[in-house]
Amino acid sequence: MKKITIAIDGHSSCGKSTMAKELARRVGYIYVDTGAMYRSVTLYALRNNLFRQDGSILTEELRAQMPLIHITFQLNEETGRPDTYLNGECVEQEIRSLEVSNHVSPIAALPFVRSAMVAQQQAMGRGGGVVMDGRDIGTVVFPDAELKVFVTASAEVRAQRRYDELQQKGMPADFADILKNVVERDYIDSHRKVSPLRQAEDALLLDNSHMTIPEQNEWLMQQFIRSTSDA
């Protein structure tokens with residue numbers, strides 16, 4: 001059976017990654033965490049002193065070194081999930097650090113970084129057999145993907161999910177503040193100049209506002225079965 005490319009886009013906190021990881025696990029595809037790629041570039045910049053004391057980026061130095069940054073994913077047999085590798089080194093733990101989290105947003109906003117990451121993402125998916133989620137996968141990275149899904153849910157539902165998650169972790173949470181953040185992120189994602197969030201014309205729309213995780217996973221599995229039978 002031909003292996004296809006699956007592109008899952010959508011708003012923040014709508015469960016894209018959860019769906020993508022589970023589908024990849026069930027069908028034996030590689031899940032590509034695009035967020036981990038931008039975190040890896042950030043880790044490289046931190047290691048190579050490409051941030052100034054005030055947190056600003058030495059942009060031209062980073063631009064010159066982008067050809068030296070190669071990111072790959074390898075399946076971890078113990079976890080059943082792919083680990084992130086930066087220039088051959090497993091950096092799965094390091095890229096989740098607070099230091100990386102505090103520096104990744106300005107890195108990911110640089111057009112030349114996004115361009116380089118899109119090129120690497122396209123190379124990963126050239127032979128099919130990948131599930132990738134993000135904001136511009138079906139529109140920019142893989143406009144010819146055999147299966148495209150755009151996931152959304154109401155801002156209130158997504159804020160409630162994030163609120164519940166923080167509560168379960170014992171972390172302080174204010175629903176009004178979270179809802180405000182969700183609405184602001186939607187606006188920023190949809191209005192940025194580089195690769196704005198939008199639904200591809202041929203993407204299937206999934207509003208999972210009132211679906212359980214098992215229900216949305218089963219829905220996605222059915223779309224996968226339909227797409228591979230058509231391929």
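**Figure 1. Helix 1 lies across strand 1, strand 2, strand 6 (130-134), strand 7 and strand 8 of the predicted model.** Helix 1 comprises residues 16-27 and runs at about 175 degrees to strand 6. Contact means heavy atoms within 4.5 Å. Helices (H or I, at least four residues) and strands (E, at least two) are DSSP runs, numbered from the N terminus. Axes are lines fitted to C-alpha atoms, for helices over the stretch in contact, with angles from 0 to 180 degrees between N-to-C directions. In this predicted model, local features need pLDDT of at least 70 and side-chain atom pairs count only at pLDDT 80 or more, while totals for chains, interfaces and linings use all residues. Residues are numbered from 1 along each chain as its sequence is written, and side-chain values use heavy atoms, with hydrogens and water left out.

**Figure 2. An open sheet of 5 strands with parallel pairing has the order 2-6-1-7-8.** Strands pair if DSSP finds at least two bridges between them. Strand 2 (30-33) and strand 8 (204-207) are the edge strands, each pairing on one side only. On average, neighbouring strands of this sheet are turned by 20 degrees against each other, direction ignored. Strand 7 pairs with strand 8 in the parallel sense over 4 bridges; threonine 152 has aspartate 207 in strand 8 as its bridge partner.

**Figure 3. Helix 2 (residues 34-47) and helix 4 (residues 98-108) cross at roughly 105 degrees, their axes coming within 8 Å.** The two helices, helix 2 and helix 4, are therefore roughly perpendicular to each other, a class that covers 65 to 115 degrees. Helix 2 contributes Tyr38, Arg39, Val41, Thr42, Leu43, Ala45 and Leu46 to the contact, and helix 4 contributes Glu99, Val100, Ser101, His103, Val104, Ile107 and Ala108. By class, this contact has 9 nonpolar, 3 polar and 2 charged residues. Helix 2 also lies across strand 2 and strand 6, running at about 50 degrees to strand 2.

**Figure 4. The largest cavity has a volume of about 30 Å³.** The structure holds 1 cavity of 30 Å³ or more. A cavity is a set of points on a 1 Å grid over the protein atoms alone where a 1.4 Å probe fits but cannot get out, and lining residues have an atom within 4 Å of a point. The volume is the space filled by probe spheres set on the points, which are joined across faces, edges and corners. The lining consists of Ala7, Asp9, Gly138, Lys148, Val149, Phe150, Ala200 and Ala203. Strand 1 (5-10) and strand 7 (147-152) each supply at least two lining residues, and the largest share, 3 residues, comes from strand 7. The lining divides into 5 nonpolar, 1 polar and 2 charged residues.

Key. Parallel < 35°, antiparallel > 145°, perpendicular 65-115°, else oblique. Nonpolar A, V, L, I, M, F, W, Y, C, P; charged D, E, K, R; others polar. 1 Å grid on protein atoms, 1.4 Å probe; cavity = no way out; pocket = protein on both sides within 12 Å on 5 of 7 lines; lining within 4 Å.
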